[in-house]
Amino acid sequence: MKVAQPEPIPTASDGLPARATGPWVLDKTHYFERYLDIFSRGVGKKWAGKLSYVDLFSGPGRSVIRDTGREVEGSPLLSLKYEFARYVFVDIPEVLSTLAQRLKHHPKRSQITLVTGDCNAVIGRALLALPSDHLTLAFIDPTGLQIQFRTIERLVHNRKVDLLMTIQFGMGIRMNLPLYVQTEGAALTSFVGDTSWRQDVGEGGSISRFARRVLNRYIAKSRLWDSAGQRNRDPNQ
């Protein structure tokens, strides 16, 4: 049996490690920057500059597109181009150490807090770095189902937070659903926040339809937060 070799870590033009990615990152970057621009300019005056940004899966700060070698700035570097009073970047040690080197001499370094660790375990430390009277933009961009629903609940509780989140529907949910059904499905349970997704198993249909029902359930649960970060009653319970 041939063992798959780990993907080589590319090096960016600044000599530091980068993240290997696909061409889809260009579209994501385009929409991410548009949202940053709308958010920072649209509500900045209303909040008198009290805007914060938190990135729970910050990455190393730069990516290199496979095959083409094209270099792209990651979400931390992009966010620093916009006017936030505070920036909080969270990631695992081996990733955040690279970002720390990359930002060492950045003119906004005094406004940046780096929180090392799994965001689900260190969300409390991240919250301490975010002023509670600020409007916070939280960017959540995992590679799979690493983000736990409880972590998002803690993030928005009693705070004004805009959530900008990517959900890995294909790799994270659809491709792994057969495994989740056969086992206890701890990853999906943590992602959704409870075992309610099991109700979708008995409805039959294709894996894609099953996955879509799970995704719709997740989105419906997310909409139960009100503008002050309080949890509203679920009408389905």
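Start by selecting Val88. Beyond its neighbours within four places in sequence, Val88 is in contact (heavy atoms within 4.5 Å) with Tyr53, Val54, Asp55, Thr113, Val115, Ala126, Ala129 and Leu130.

This is a predicted model: local features need pLDDT of at least 70, side-chain atom pairs count only at pLDDT 80 or more, and totals for chains, interfaces and linings use all residues. Residues are numbered from 1 along each chain as its sequence is written, and side-chain values use heavy atoms, without hydrogens and water.

With Val88, they touch the most other members of the largest nonpolar core, which has 29 residues. A nonpolar core is a set of buried Ala, Val, Leu, Ile, Met, Phe, Trp, Tyr and Cys residues joined through side-chain atoms within 4.5 Å; buried means under 20% relative accessible area (1.4 Å probe, protein chains only).

Now colour helix H4 (119-128). H4 gives this core five residues, the most of any element. Another core lies apart, with 20 residues, including Phe89 and Ile112.

Move to the largest pocket. A pocket is an open set of points on a 1 Å grid over the protein atoms alone, where a 1.4 Å probe fits, with protein on both sides within 12 Å along at least five of seven lines; lining residues have an atom within 4 Å of a point. Its volume, the space filled by probe spheres set on the points, is about 1000 Å³.

Finish on H1 (25-43). H1 supplies five lining residues, the largest share.

Conventions:
Helices (H or I, at least four residues) and strands (E, at least two) are DSSP runs, numbered from the N terminus. Buried means under 20% relative accessible area, exposed over 50%, partly exposed in between (1.4 Å probe, protein chains only).
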